[in-house]
Amino acid sequence: MPPRAPFGSFRDYVAALDAQGLVLRIPRVDQDAYEATALMYRIRDQHGMRGGPALVIDEVRIGGQWIRGPLVINDSGHLYSECLLFGLEPMVDAPVTGESWDSYRKARTHVEKMLEANDGEYPLVDPVEVPADAAECKEIVLTGDEIDLTRYAFIQCNPGDAGRYINTGMVFTRHPKYGVNIGTYRCHLRGPREIAVNSEPGQTGHRHLMAARRRGEKIARVSIALSAEPTVWIVSSNKLANRRAGPVDELAIAGGLAGRPVRVVRSETNDFRVPASAEMIIEGEIPLDDLRPEGPYGEMVGYQGQPKAEQFWMRVTAVTHRRNPWIMNNFTGLQGGSLMAPGHARPFLKLKAQLPEVVDYFADGRAVGVTFVSIRKTEPGQGLAVAQQIAESKFNSKVVVVVDEDLDVTSHEQMLGALGARWQPAGATHIYDKLPGLPLDPSATRRGSTSKIAIDATRQWPEEGGPASFPAANRALLEEGAPDAFARVDARWGELIRDWRTG
């Protein structure tokens, strides 16, 4: 039997994907020729950001040498995995080769119910510490001259990048008041025992390091976990912790999402407790008074980011790992990040509490900065008011489009259709000259500041300047006038339509 949720390791999670037919195994890839990068673009071109398989590559050519993997790419690339994480059955009525957004919604609803049962917060299950000899991540322990991170399958993703990157590391930092943070920050591999640690200003890890520097500390100790169980990866990649009430153990959030404790073990050269089943742990110290250049690197918006003149870096003091560690790589801005439902559930739940007319909400990772919202419209001006409130309150939302409840906010086809057929720019639009925005936006002339647009693409009522009678959609007329038509077609030709390219 394949593993089922909750998954105790990254390998178990990949095995579950494999059992669903969601893994493509490739013996060798020449990354000196950027084959893995081109392969990921082809998968995105044909299957979308959330409809393709995970890739497991046995060997990768790097710097003229064949380096043993496996290298795992696109681990959350198919929306079925949103359900698999929680032991839910995916919405298999959608073809496995496409983007099944119903599976995403099913998982998001599952997490919403968890939140509702816990007063709107993620449930906590405290981690359990195990001895070193029971921790998979301690099978191999390297210190001093034994350490050479260049021997592992960390790749340069794009010819424009500064070099090879460890870009899925879960970085553990500590603040004396706010406790431990786990954040995913890109780490430029600059030598056998040196990596840059690029946490952006405003991110918790950067605030921890800057606070230590202001306190006069010279060294910050750090541990970085690689390829841990999926709920830890989710916690590291999303802001799930509510720190307003004080320190939160993010490993306890990961345990709460999984419904069982995360097994942890002490690091070798510091006192961080890290996931025991992780594929690799990199430990080190950051000199707080010695900043060095970093980047450029391809960012989440799909464009090359600017190099940093000064950034923190880490001197590696220990590396522990499983035998033949599995290295996870993320093609930032090309593939999806971690699974979405856990991170989306609480903001959506809060938004519905603030704005009861909201039916669905989607901050679209396929087009960073664009947010689609559907509402149950009950009064004139409501669509634009909702769009403005979201644009003003959510700094990542640069373009906010509000539509009627009959449309699917995850469908680009339907959202573009609403802009073309339901939106009148005059009167249903508000443009902001300057609001806080995504610091990585390549179009911004001032970092962290952007203009924004709020768009009401609902059917405009006569009171809003719309037509006296807004016509019905053709599909809606079919569903009303011939309610059995789709069921008849599905029964007679559904399989033929689904498999027409494979016959």
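Analyst: Rings of Phe, Tyr and Trp (its six-membered ring) pair if their centres lie within 6.5 Å; planes under 30 degrees apart count as stacked, over 60 as edge-to-face and the rest as tilted. Ring pairs link Trp-101, Tyr-104 and Phe-362 into a cluster. This is a predicted model, in which local features need pLDDT of at least 70 and side-chain atom pairs count only at pLDDT 80 or more, while totals for chains, interfaces and linings use all residues. Residues are numbered from 1 along each chain as its sequence is written, and side-chain values use heavy atoms, with hydrogens and water left out.

User: How many aromatic pairs does the rule give? And what makes the pair of Phe-7 and Tyr-13 the kind it is?

Analyst: The count is seven aromatic pairs. For Phe-7 and Tyr-13, the ring centres are 5.7 Å apart and the planes stand at 70°, so the pair is edge-to-face. Trp-101 and Phe-362 also form an edge-to-face pair, with 5.0 Å from centre to centre and 75° between the planes.

User: Which parts of the chain does the pair of Trp-101 and Phe-362 link?

Analyst: Distant ones. Trp-101 is in helix H4 (residues 101-116) and Phe-362 in strand E19 (residues 358-363), 261 residues apart. Helices (H or I, at least four residues) and strands (E, at least two) are DSSP runs, numbered from the N terminus.

User: What makes Arg-108 count as lying over the face of Phe-348?

Analyst: The rule asks for NZ of Lys or CZ of Arg within 6 Å of the ring centre and within 35 degrees of the ring normal. Arg-108 lies over the face of Phe-348, 4.1 Å from the ring centre. Likewise, the charged end of Arg-292 sits over the ring of Trp-313, at 3.8 Å from its centre.

User: Why are Glu-136 and Arg-263 called a salt bridge?

Analyst: A salt bridge needs a side-chain nitrogen of Lys or Arg within 4 Å of a carboxyl oxygen of Asp or Glu. Glu-136 and Arg-263 meet at 3.2 Å, N to O. Glu-136 lies in the loop between E4 and strand E5 (140-143) and Arg-263 in strand E12, so the pair ties together parts 127 residues apart in sequence. The rule gives 40 salt bridges. One network of them links Asp-102, Arg-105, Arg-108, Asp-360 and Asp-408.

User: Is Glu-136 buried, partly exposed or exposed? And Arg-263?

Analyst: Glu-136 has a relative accessible area of 21%, so it is partly exposed. Arg-263, at 29%, is therefore partly exposed too.

User: What about Arg-221 and Glu-285?

Analyst: Their side chains meet in a salt bridge at 3.1 Å, N to O. Arg-221 is in strand E11 (residues 219-226) and Glu-285 in strand E14 (residues 280-287), 64 residues apart. Arg-221 has 45% relative accessible area, so it is partly exposed. Glu-285 has 17%, so it is buried.

User: Why is Ala-428 called buried?

Analyst: Its relative accessible area is 1%, so it is buried. Ala-428 sits in the loop between helix H10 (412-421) and strand E22 (429-436). Contact means heavy atoms within 4.5 Å. Leaving aside neighbours within four places in sequence, Ala-428 contacts residues including Leu-384, Trp-423 and Ile-455.

Terms used: Buried < 20%, exposed > 50% of the residue type's maximum accessible area, 1.4 Å probe, protein only.
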